[in-house]
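Open the model in your viewer and keep the selection panel at hand. The stops below go chain by chain.

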Amino acid sequence: MMPTSPVIPLFVAVPLAGAFAIALLGKKTRIIPNGMALIVTGGLIAFSIIAMRMFSLFGVHTYKLGAWPAPFGIVMVLDGLTAFMLFTVSLIAFLVILFSISYMERYSGRWQFYTLFLLMVAGMNGVIVTGDMFNLFVFLEVAAVASYALVAFGTEKHELEAAFKYAVMGSVGSLFVLLAIVWLYSYTSTLNMADMALALQAAGSTRVALVTGVLLLTGFALKAAIVPFHAWLPDAHPSAPAPISAMLSGVLIKALGVYAICRVFYSVLGVSPQLSMLLMVLGVVSMSVGVLLALRQWDLKRLLAYSSISQIGYIMLGIGIGTPLGFMAALFHLFNHSVFKSLLFLGSGAVEYATGTRDLREMGGLGKRMKLTSAAMLSGSMSVAGIPPFAGFWSKLLIIVAAVQAGYYWFAIIAVVASMLTLSYVMRIMRYGFLGELREKWAGVREVPFMMKLSLGLLALICILGGLLLLPGAREFFLTQAARTFSVGTQLASRILGGV
Amino acid sequence: MSKERQPGMTLIVKTVTRLTVGLILLYGIYVVTHGHLTPGGGFAGGVVIALSLVHLMLAFGGDVAFKTLSKSGAAVLEAIGALLFVGIAIIGFGWAGFFFNFLPKGTPFDLFSAGIIPLCNIAISLKVGAGLFSVVIAIVFLRVAGSERE
Amino acid sequence: MAVYVLCLVLFCVGIYAILSKRNLIKIIIGLIVAEHAVNLFFILVAYRIGGRAPIFEPPPVSIEPMVDPLPHALVLTAIVIGIATTAFMVALAMRIYEKYGTYDIARIRELRG
């Protein structure tokens, strides 16, 4: 009997209920939306820690919705990768909410912001926990539609344009995913991921898996902004309000893109050497194109958006390498990227809050007036560039080591070069933005409010101490058991169904 | 009855609307409540309910339609519908879990049967009806605001 | 077989409209066409020769052979999602028209680089 746990559906139900409760009650007051959002996301962190603990004690959990038996009803699955992703999403969501309590003061319609935000979190958690193909698509769309609306939240010219572009690209991506799911359903007559994996193994035909694999990869790569499909990201992410940029770059592209690719290919379709090679090539191309385009940006948030594309490339490379070390490094980098990219976007939001600009040429010497923001940005930048002892260094090092061990020397060299170029663009942020002489027009700039500082400080602390997760005890609990999901691969299916 | 003071369409349309709008609403409610027995259900019925309100708005103009269901009222109903749905799902925890059908199933083909499914249908119809109505008014009145500016 | 291929052709028509048209509204229409091509494909997948509608009836009526009921429920969900996306994008296009005074994407190109 597979262990079951009532905590799994709560990851979807709690943010959904929170979102609609805010829509119902939160229009007049300020306390209810803020407090409710904090409580919900804080609760999610607690749930995800419980989930991780339960996984390490009892192994894979499933949850049958409405108590329907497995291949017929919708099943939710909790394994190591799921627990890891849930923790990442909840942690970033909580810190971002903490930041936006002060930041969103400027905007009207805060309750709408929190409603959409929690809907997006519910969608992401749904994508992560579900064990059903069509359910994956539904939650994908819930998260995506909420994020389109959040990009357009300010309803200024650029935001609308970026949101339209993002909505068109995102919808096309979803259509590819839906088409592939229909195709798989017509072939296997089931939607349960585990059942589908077994049916595909039994049929033994790789042609359907190949066609649908291409469609799914296209769809999810559009969501993850891997390079040939990246055009929407540098518009959409900078245009959103800063907390949303942090959520989109920090976790949305990973939950909807990278995680979905991992889940679908490693647990359902199965991985061939060609696919691994394709993932690695896509990763390397994203990495280098992203970093080269980031070098010539003057808009702070746009620069960070290109940097996201480049860092997603590292994660894809790590996953494509296919050794246990590669998976672990990729997941560690995924977590680190969530933390430092949220930190950098929130920091750019803090700068925009204080000065009203995000053009690097107009800034200068802000470090003198905004000490904590500047220190937090520094630690985030060092982490993204991979300077020891910041967390980003360890994960990049592990990815490069994994590439060398597996014999992909060229990819390792490109990764090292991209990492150096990364250093040069983050140094530009620090040099033009925070160091140097203070300009007269910024003499009156003041440090941001306490809540924003708290959020930035916590994220910076995680950036600095993140390397400690590699210590033996923490690594086993946090990373290795998540990485093991990949090695289990499609065997997971027989375990899930076998236990039911 | 001068035309200027009366927003909306001509007298013929208004009279027909007066006669039909109640029937449309009733049909929507029928589709919702019989969702577990016949084709249809919460979504289809909700759309019909929303269309009856949209019908009212087209024939008589926005003011009359808002007297029936105001914009904020629609938003409240929408949130209540969604909360009801999630609430029904969560109550299932008291029995076997999330979304568990905890009510007695009754005999098939009775109006009061199938456990929580009719309740879910009603919650969905609230959500869809109010939601679709607010989508339509949002788009229509956005356009009005836009064209006034130019 | 031909109908399945036609569905895919329809899908490609939609994608072509999205990629090549310059008018925002035409892009949205292309998206709707592509989306309904996928829905149509799903419904066709469910069809069984000689099948009847999968509605449960009191005993004397036999409902077999029936078509596969699951895709119908799923297509309904997909259509609902499509409505939400379309409504959002139409509203967005109207707001864009308000700000820029045009639906032509060649002239709504302020974001570059």
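Here is the tour, with what to select at each stop.

**Before you start**

This is a predicted model, in which local features need pLDDT of at least 70, side-chain atom pairs count only at pLDDT 80 or more, and totals for chains, interfaces and linings use all residues. Residues are numbered from 1 along each chain as its sequence is written, chains are lettered from A and ligands numbered from 1 in the order in which they are written, and side-chain values use heavy atoms, with hydrogens and water left out.

**Stop 1: chain A, coloured by confidence**

Colour by pLDDT, the predictor's confidence in each residue, from 0 to 100. Chain A has a mean of 85, and 97% of its residues reach 70 or more. Now select two of its helices. Helices are DSSP runs of H or I with at least four residues, strands are runs of E with at least two, and both are numbered from the N terminus. Among the elements of chain A, H5(A) (residues 133-151) has the highest mean pLDDT, 91. H20(A) (residues 491-499) has the lowest, 62.

**Stop 2: helix H8 of chain A**

Select residues 206-224 of chain A, which form H8(A). How far apart are its end C-alpha atoms? They are 25 Å apart, which agrees with the 27 Å that 19 residues should span at 1.5 Å a residue. The expected span is 1.5 Å times one less than the number of residues.

Next, show the surroundings. Of the 19 residues of H8(A), 14 are buried, so the helix is largely enclosed by the rest of the structure. Buried means under 20% relative accessible area, exposed over 50%, partly exposed in between (1.4 Å probe, protein chains only). Step on to Ala225(A), which follows H8(A) and has a positive phi, near 60 degrees.

**Stop 3: where chain A meets chain C**

Show both chains. 36 residues of chain A are in contact (heavy atoms within 4.5 Å) with 37 residues of chain C. Together the two chains bury about 3300 Å², 79% of it on carbon and sulfur atoms. Buried area is the accessible area (1.4 Å probe) that two parts lose on being put together, summed over both.

**Stop 4: chain B**

Switch to chain B, with 5 helices and 0 strands. Buried residues make up 39% of its 150 residues. Its pLDDT averages 79, and 88% of the residues score at least 70. Over residues 146-150 of chain B the pLDDT is below 50, and this stretch has 3 contacts in the model beyond near neighbours in sequence. Finish on H1(B) (residues 11-33), which has the highest mean pLDDT among the elements of chain B, 89.
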